[in-house]
Amino acid sequence: MEIGIIGLGRMGGSMAQRLLKGGHRVVAYDLRPEAVKELEGEGAAGASSLADLAGQLTTPRAVWVMAPAGEATERTLTALAGALSEGDVIIDGGNANYKDSIRRAAMLKEKGLDFLDAGTSGGIWGLTEGYSLMIGGDKKAFERVEPIFQTLAPSPTTGYGHVGPAGAGHFTKMVHNGIEYGMMQAYAEGLELMHAKEALNLDLAQITEIWRYGSVVRSWLLDLTADALKEDPEMSTLEPYVDDSGEGRWTVEESIDLAVPTPVMTLALQMRFRSRQDDSFSAKLLAAMRNQFGGHAVKKAE
């Protein structure tokens with residue numbers, strides 16, 4: 001099967017490579033000509049524009065978009081819709097807001113185009129391990145391009161599926177990322193607690209390696225944590241700054257809209273915000289309050 005790929009960043013480029021290795025014909029386009037050239041070296045057909053990409057694909061076409069969420073995706077889909085024709089399928093594999101995906105599916109349907117929102121997990125390991133794919137949209141459109149998902153997934157029968165109507169794929173991925181936040185925070189707090197117990201001289205790299213086998217808390221995330229601790233046991237090469245992609249925020253917002261309590265995911269998101277404060281005003285206020293009501297000692301700024 002053939003597929004157009006738009007956006008050859010770290011994720012999009014890896015997905016294109018996996019499709020090529022799976023025997024699919026890939027037509028690739030990116031705003032960076034050097035990225036297209038590099039993928040041509042892997043066997044892809046390069047395109048110089050969206051119109052050129054559409055022209056190199058046989059109808060009905062299938063095009064996978066990997067653009068940053070928000071305006072970049074909006075511009076790309078709008079321009080792409082003008083280059084495609086009725087019966088073609090557009091797949092958005094980026095981390096878009098599911099509400100945008102519902103709106104975009106309706107907009108593209110008016111033009112006779114099918115839209116699938118594919119929540120995609122796997123990161124930089126997807127090329128070798130396969131991607132977890134949660135797909136929303138028209139079921140018949142999904143079935144028509146299913147060989148693409150089967151190649152990208154860990155196996156032709158596992159790690160992917162049609163999860164519901166338009167928006168369902170990105171909604172599912174949003175919640176997935178919220179759960180990921182909570183898991184990461186729990187691992188980080190437990191390991192920090194052990195790190196602080198200096199009297200026991202615990203080897204965190206060894207302990208996480210033990211946990212990887214037979215433990216109730218074993219996971220791929222723990223595998224990656226163990227690898228990180230082997231490379232840098234004291235995390236001395238990193239700054240305590242944790243970014244967020246936006247999906248954790250959307251998950252918390254959705255929990256508020258639905259009145260569904262998600263305290264773990266909410267606190268994990270808040271802790272990421274806290275990590276970015278070099279000079280926390282709220283922490284200073286807490287110290288001042290303790291000093292005011294109890295005369296507790298405070299540390300003065302130098």
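Colleague: In which sense do strand S6 and strand S7 pair, and over how many bridges?

Modeller: Start with the general idea. Strands of a sheet pair through backbone hydrogen bonds, either parallel or antiparallel. In this predicted model, strand S6 (residues 114–121) and strand S7 (residues 132–137) pair in the antiparallel sense over six bridges. Two strands count as paired if DSSP finds at least two bridges between them. Strands (E, at least two residues) and helices (H or I, at least four) are DSSP runs, numbered from the N terminus.

Colleague: What should I know before I go on?

Modeller: Residues are numbered from 1 along each chain as its sequence is written, and side-chain values use heavy atoms, with hydrogens and water left out. As this is a predicted model, local features need pLDDT of at least 70 and side-chain atom pairs count only at pLDDT 80 or more, while totals for chains, interfaces and linings use all residues.

Colleague: Which residue is the bridge partner of Leu116 in S7?

Modeller: Gly137.

Colleague: In what order do the eight strands of the open sheet run?

Modeller: The order is S3-S2-S1-S4-S5-S6-S7-S8, and the pairing is mixed. Strand S3 (45–46) and strand S8 (160–164) stand at the edges. Each has a single partner strand, so one side of each is left without a neighbour in the sheet.

Colleague: Which strands does helix H1 touch?

Modeller: Helix H1 (residues 10–21) packs on the sheet and touches strand S1 (2–6), strand S2 (25–29), strand S4 (62–65) and S6. Contact means heavy atoms within 4.5 Å. The direction of H1 makes about 165 degrees with that of S1. Axes are lines fitted to C-alpha atoms, for helices over the stretch in contact, and angles run from 0 to 180 degrees between N-to-C directions. Helix H4 (residues 71–83) lies across S1, S4, strand S5 (89–92) and S6, at about 165 degrees to S4.

Colleague: How do I read two packed helices?

Modeller: Two packed helices are described by the angle between their axes and the distance between the axes. Take H4 and H5: their axes come within 11 Å and cross at roughly 15 degrees. H4 and H5 are therefore roughly parallel to each other. Angles under 35 degrees count as roughly parallel, over 145 as roughly antiparallel, 65 to 115 as roughly perpendicular and the rest as oblique.

Colleague: Which residues make the contact of H4 and H5?

Modeller: H4 brings Thr73, Glu74, Leu77 and Ala81, and H5 brings Arg103, Arg104 and Leu108. By class, this contact has three nonpolar, one polar and three charged residues. Ala, Val, Leu, Ile, Met, Phe, Trp, Tyr, Cys and Pro count as nonpolar, Asp, Glu, Lys and Arg as charged, and the others, Gly among them, as polar.

Colleague: At what angle do H9 and helix H10 pack?

Modeller: H9 and helix H10 (residues 204–211) pack at about 140 degrees, with their axes 11 Å apart. They are therefore oblique to each other. Leu191, Met194 and His195 of H9 meet Leu204, Ile207, Thr208 and Trp211 of H10. These contact residues divide into five nonpolar, two polar and no charged.

Colleague: How many aromatic pairs does the structure hold?

Modeller: A pair of aromatic rings is described by the distance of the centres and the angle of the planes. The structure holds four aromatic pairs. One of them, Tyr98 with Phe171, is edge-to-face, at 4.9 Å centre to centre and 80 degrees between the planes. Tyr98 lies in helix H5 (residues 98–109) and Phe171 in helix H9 (residues 168–196), so the pair ties together parts that are 73 residues apart in sequence. Rings of Phe, Tyr and Trp (its six-membered ring) pair if their centres lie within 6.5 Å; planes under 30 degrees apart count as stacked, over 60 as edge-to-face and the rest as tilted.
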